[in-house]
Amino acid sequence: MSRKRPSKAIVPAALETLEQRILLAADLGVLDTSGAEEPLAAHVETTPTTTATESAAPTPEPRTPDPLTVHSATGTVQTLAADAASDLQLGTTQRLEGSGVLSGALVNSGVIAPGASPGILTVDQFSQNASGRLLVELGGTNPGATEANPNDGYDQVISTAGVALAGVLELDYLEGFRPTAGQVFDVLKWSTTRSGEFSAFRGLYAGGGIYLKPEYRANSLSLVATAIPGLDQITLPAEAEAAFDQVLSAWLTGQVDVSVSINAALELPGVTVSGAWTVSTVAGTAGVTHLKWTAADVRADWSLPGFSGGIANLTGFAQFGGNTVFDLAGDGFVAVAGHQQLSGRFSIAYDATAASLTATATGVAVRLGDPNGGGSIGFTNGALAFRSAGADYRLAASGAASVQGLAGLGFTGNLAFVADPAAGLTGFTASDASLSIANLGS
């Protein structure tokens with residue numbers, strides 16, 4: 001029996017209340033995504049593909065073919081003779097299982113499930129009607145099963161003539177098998193011509209940011225394991241996999257206005273973005289269909305050494321592809337070393353190629369000390385930049401300095417707050433500064 005991999009459930013995190021000694025407040029502008037209101041076309045990483053049947057290792061010994069059997073809705077089972085030389089038409093309530101050779105035409109209006117484990121089914125002419133389903137199991141990189149490991153292979157249907165296609169192609173993954181980018185699975189092969197296409201696919205998303213892209217080639221339907229940049233950071237709970245697969249299949253077949261609601265967590269460098277999303281296919285320019293994630297009830301939680309905080313009520317969208325687009329904003333805070341806090345409205349962006357997260361801000365204010373209890377120094381209307389990549393991060397905020405609560409003391413120049421653990425920096429610096437003192441002793 002085939003089994004799909006379990007997915008990690010999402011555990012929401014709460015904002016942490018930290019001691020506030022120095023407050024940085026900002027009105028952070030929304031990040032300019034250069035026209036991100038029209039999502040970019042979905043692209044994927046280009047990886048040199050290798051046919052799954054190509055391997056430097058010796059070819060495993062093939063398993064003895066499983067008998068070809070036809071199962072009916074009433075529970076009756078008919079075993080077909082080896083090398084049966086007659087045509088076979090499967091009704092809508094019938095299911096064909098097993099592997100071997102059927103020396104005749106096969107017309108499928110029901111279900112075909114090659115092998116008792118992965119197997120190879122060879123027929124003359126193959127046709128599948130709109131009600132038909134072809135179930136393909138994937139457990140390894142070679143067609144069929146082996147004696148040593150019956151699940152180490154994948155199902156394949158071979159037509160010695162041509163094919164006429166419609167209906168559904170459905171995939172299932174055995175024993176936690178996960179394809180890697182570049183692998184190719186020739187699940188259907190023919191010798192002459194093809195007419196039609198499968199109208200729908202199920203199970204194309206293999207997990208870990210990999211999906212199987214259907215490609216109709218000269219003599220085969222090949223499923224190419226393809227990586228979507230950024231999508232490998234997504235964790236889906238088990239109950240969300242089917243819904244995500246539905247919208248992913250619609251995206252791959254060019255269907256627009258297909259939308260599902262799912263819970264998912266996005267693990268970015270130093271921050272986890274999790275919650276409820278609406279995932280949809282939208283029409284773009286030049287007939288291109290885009291896959292878009294829109295935040296419905298989403299929050300972010302920082303997870304860097306010495307750096308904590310969270311962002312609640314994120315709005316906006318994310319799109320994955322060769323030009324991954326992020327346009328997410330929300331209210332929250334970050335705290336450096338448990339003391340200095342930055343609060344305000346954040347805009348975050350993600351670079352999938354560099355695997356880095358960035359945030360920008362304007363109108364930043366910082367105050368060192370208490371103007372009501374001995375004076376303070378700080379700045380307003382400053383600028384802020386934050387970037388994290390892996391476990392490293394750097395936060396820098398700066399502006400024109402000012403003094404409050406100290407009569408007769410003047411300060412001009414620039415004041416900056418920097419948090420850069422890799423460089424050993426956390427604190428304030430001044431530049432182009434001058435200090436004046438007046439009215440002493442009066």
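Trainee: What makes the pair Asp-420 and Arg-394 a salt bridge?

Mentor: The term requires a side-chain nitrogen of Lys or Arg within 4 Å of a carboxyl oxygen of Asp or Glu. The side chains of Asp-420 and Arg-394 meet with 3.0 Å from N to O, so the pair qualifies. It links distant parts of the chain: Asp-420 is in strand E32 (residues 409–420) and Arg-394 in strand E31 (residues 392–404), 26 residues apart. Strands here are DSSP runs of E with at least two residues, helices are runs of H or I with at least four, and both are numbered from the N terminus.

Trainee: What kind of model do these values come from?

Mentor: This is a predicted model, in which local features need pLDDT of at least 70 and side-chain atom pairs count only at pLDDT 80 or more, while totals for chains, interfaces and linings use all residues. Residues are numbered from 1 along each chain as its sequence is written, and side-chain values use heavy atoms, with hydrogens and water left out.

Trainee: Why is Asp-420 called buried, and why is Arg-394 called partly exposed?

Mentor: Buried means under 20% relative accessible area, exposed means over 50%, and partly exposed is in between, with a 1.4 Å probe and protein chains only. Asp-420 has 12%, so it is buried. Arg-394 has 38%, so it is partly exposed. Elsewhere, salt bridges that share partners join Arg-133, Glu-170 and Arg-202 into one network.

Trainee: How many salt bridges does a search of the whole structure find?

Mentor: The search finds seven. One of them joins Arg-345 and Asp-331, whose closest N and O atoms are 3.4 Å apart. Arg-345 sits in strand E28 (residues 340–351) and Asp-331 in strand E27 (residues 325–336), 14 residues apart. Arg-345, at 30% relative accessible area, is partly exposed, as is Asp-331 at 44%.

Trainee: Why is strand E21 called largely enclosed?

Mentor: Eight of the eight residues of E21 (residues 220–227) are buried, so the rest of the structure largely encloses the strand. Ser-220, Ser-222, Val-224 and Thr-226 point one way, and Leu-221, Leu-223, Ala-225 and Ala-227 point the other way.

Trainee: How do you know that strand E16 and strand E20 pair with E21?

Mentor: Two strands pair if DSSP finds at least two bridges between them. Strand E16 (residues 183–190) has five bridges to E21, and strand E20 (residues 210–216) has seven. Both pairings are antiparallel. Within E21, Leu-223 is the bridge partner of Phe-185, and Pro-214 stands opposite Leu-223. A hairpin of three residues joins E20 to E21.

Trainee: What makes the pair Tyr-154 and Phe-185 edge-to-face?

Mentor: Rings of Phe, Tyr and Trp (its six-membered ring) pair if their centres lie within 6.5 Å; planes under 30 degrees apart are stacked, over 60 edge-to-face and the rest tilted. A search of the whole structure finds 14 aromatic pairs. In the pair of Tyr-154 and Phe-185 the ring centres are 5.3 Å apart and the planes stand at 80°, so it is edge-to-face. Tyr-154 lies in the loop between strand E12 (133–138) and strand E13 (156–159) and Phe-185 in strand E16, so the pair ties together parts that are 31 residues apart in sequence. Tyr-154 counts as buried at 0% relative accessibility, and Phe-185 likewise counts as buried at 0%. Phe-177 and Phe-185 form another edge-to-face pair, 6.2 Å centre to centre with 85° between the planes.

Trainee: How do you know that the span of helix H1 agrees with its number of residues?

Mentor: The expected span is 1.5 Å times one less than the number of residues. H1 (residues 238–252) has 15 residues and should span 21 Å; its end C-alpha atoms are 22 Å apart, which agrees. Its buried residues include Phe-244, Leu-248 and Trp-251. Just after H1, Gly-254 takes a positive phi of about 80°. The secondary structure of the chain comes to one helix and 33 strands.
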